[in-house]
Amino acid sequence: MSHLITMCCFHVPYSALTMFISSEQAERDSATAYRMTIEVLGAVLGTAIQGQIVGMANAPCIPGQCLTVYANIKFTVCLTCRFVVSLQKTAYMIASGVICLVYILCAIVLFFGVREQKEFCRVGSEPISFFQGIKLVMGHGPYVKLVIGFLFTSLAFMLLEGNFALFCTYTLGFRNDFQNILLVIMFSATLAIPFWQWFLTRFGKKTAAYCGTLTAVPSMIVVVVFKSNLIMTYFVSFFAGMGVASAYLMSWSMLPDVVDDFKLENPKSTGHEAIFYSFYVFFSKFSSGISLGISTLSLHFAGYITRGCSQPEAVNITLRVLVSFAPIALMIIGLVVLYFYPIDEKRRQRNRERLREQWEMEDSETDSAELAAII
């Protein structure tokens, strides 16, 4: 619990900082693209570091003949000695320590390397309480539609990512290659983010969100329908990474537009950026928790055997559903919700011009007040 609280204390202000480094939409979009590129690259490095450290102390699987039935209850006979279990625990602790050091390094770079522009954080003329701010934010239609839409699409990709390793290990039979397959997905996502950044500037963010999400659908279908082949799996994983990149980028790239739209509808109520971003992070973590719960319960009822060398056929069928059909259904629901998301490219450009006029008017009023005070 303390680990999650610490991550949220870092992630919420870190994400909301995008609104305070520039007032220009194009600059914020560019900063978001750079941020997500480095974030996905960091996920690649984290996966590689933890995978290599933990992989050296991997406990062997338990063959099927080690399952003994007593009174219709299955007991798994553990053949792994205490030394191997202790070695595996040490490997996880070392990997966690390395990742914690990376967190500290990133926090230091963020603190000393980023300067917040205070003029964009003005206090509203009508201060309101925190709960009134939440009521205003959650009553803003575009924000609600965006959160619900990306809640379903994020849940879809969480299901895919959370069960893909088991799917590669047991259903496809690539026990020794699943870490490399996951690295291919994340590396492809890193390379694809600049492409989606160009795509959204050329065709708009809603169009990019639709195209990016649908990019992963053929990969999910192919990897489940066709016979397992390692080369084809790598190929499909590369294209699946493009969909993951879109999910990473679009969700955060569209949020500043909602904040701008809220500012125009509530010009006398400012300083709610942290509420927008904190609930966005909350729903992102919420989708991760739902994904974990769905996966755990589904595999439990299917008869999943922990660390087994093979699994019952029901588990293989469940894994096919969790990495293909269920995510596709959730993506469709999310895209239907995003269809009603009202901030298209024309409205975004109009909001930008209106905000610029508003800031120029405020600056002129401030200069006039300062000049009158001097006189």
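Student: Which residues in α5 meet residues in α8?

Tutor: Contact here means heavy atoms within 4.5 Å. From α5, the residues P142, Y143, L146, F150, F157, E161 and F164 meet S237, G243, V244, A247, Y248, M250, S251, M254, L255, V258 and D261 in α8. The residues of this contact of α5 with α8 divide into 13 nonpolar, 3 polar and 2 charged. In that count, Ala, Val, Leu, Ile, Met, Phe, Trp, Tyr, Cys and Pro are nonpolar, Asp, Glu, Lys and Arg are charged, and the others, Gly among them, are polar.

Student: What should I know about the model and its numbering?

Tutor: This is a predicted model, in which local features need pLDDT of at least 70 and side-chain atom pairs count only at pLDDT 80 or more, while totals for chains, interfaces and linings use all residues. Residues are numbered from 1 along each chain as its sequence is written, and side-chain values use heavy atoms, leaving out hydrogens and water.

Student: How many helices and strands does the protein chain have?

Tutor: Helices (H or I, at least four residues) and strands (E, at least two) are DSSP runs, numbered from the N terminus. The protein chain has 11 helices and 2 strands, and along the sequence they follow the pattern α-α-β-β-α-α-α-α-α-α-α-α-α. Among contacts between residues at least 6 apart in sequence, 82% join residues at least 24 apart.

Student: Back to α5 and α8: at what angle do their axes cross?

Tutor: Axes are lines fitted to C-alpha atoms, for helices over the stretch in contact, and angles run from 0 to 180 degrees between N-to-C directions. The axes of helix α5 (residues 141-171) and α8 come within 11 Å and cross at roughly 160°. Angles under 35 degrees count as roughly parallel, over 145 as roughly antiparallel, 65 to 115 as roughly perpendicular and the rest as oblique. The helices α5 and α8 are therefore roughly antiparallel to each other.

Student: Is the crossing of α5 and α8 left-handed or right-handed?

Tutor: A crossing is left-handed if the near helix is turned anticlockwise from the far one by less than a right angle, and right-handed if clockwise. For α5 and α8, the crossing is left-handed.

Student: How do the axes of α5 and α7 cross?

Tutor: The axes of α5 and helix α7 (residues 205-225) come within 13 Å, crossing at roughly 30°. That makes α5 roughly parallel to α7, and their crossing is left-handed. Here T153, F157, L160 and F167 in α5 meet T213, A216, M220, V223 and V224 in α7. By type, the residues of this contact are 7 nonpolar, 2 polar and no charged.

Student: And how do the axes of α9 and α10 cross?

Tutor: The axes of helix α9 (residues 273-302) and helix α10 (residues 313-339) come within 8 Å and cross at roughly 155°. That makes α9 roughly antiparallel to α10, and the crossing is right-handed. Residues I294, S295, S298, L299 and A302 in α9 meet A314, V315, T318, L319 and L322 in α10. This contact is made of 7 nonpolar, 3 polar and no charged residues.

Student: How many residues does the largest nonpolar core have?

Tutor: A nonpolar core is a set of buried Ala, Val, Leu, Ile, Met, Phe, Trp, Tyr and Cys residues joined through side-chain atoms within 4.5 Å. The largest one has 73 residues, and L146 and M250 have the most contacts inside it. Helix α8 (residues 230-265) supplies the largest share of this core, 13 residues. Leaving out residues up to four places away in sequence, M250 touches F150, W196, L200, K205, A208 and A209.

Student: Is T32 buried or exposed?

Tutor: Buried means under 20% relative accessible area, exposed over 50%, and partly exposed in between (1.4 Å probe, protein chains only). T32, found in helix α2 (residues 25-55), is buried, because its relative accessible area is 1%. Beyond residues up to four places away in sequence, T32 touches T18, L249, W252 and S253. Of the 375 residues of the protein chain, 40% count as buried.

Student: What about K346 and F239: buried, partly exposed or exposed?

Tutor: K346, in helix α11 (residues 345-374), is exposed, with a relative accessible area of 68%. K346 and G204 are 142 residues apart in sequence and 9.2 Å apart in space, C-alpha to C-alpha. F239, in helix α8, is partly exposed, with a relative accessible area of 33%. F239 is in contact with T215 and S219, leaving aside neighbours within four places in sequence. From C-alpha to C-alpha, F239 and T215 are 7.3 Å apart in space, and 24 residues apart in sequence.
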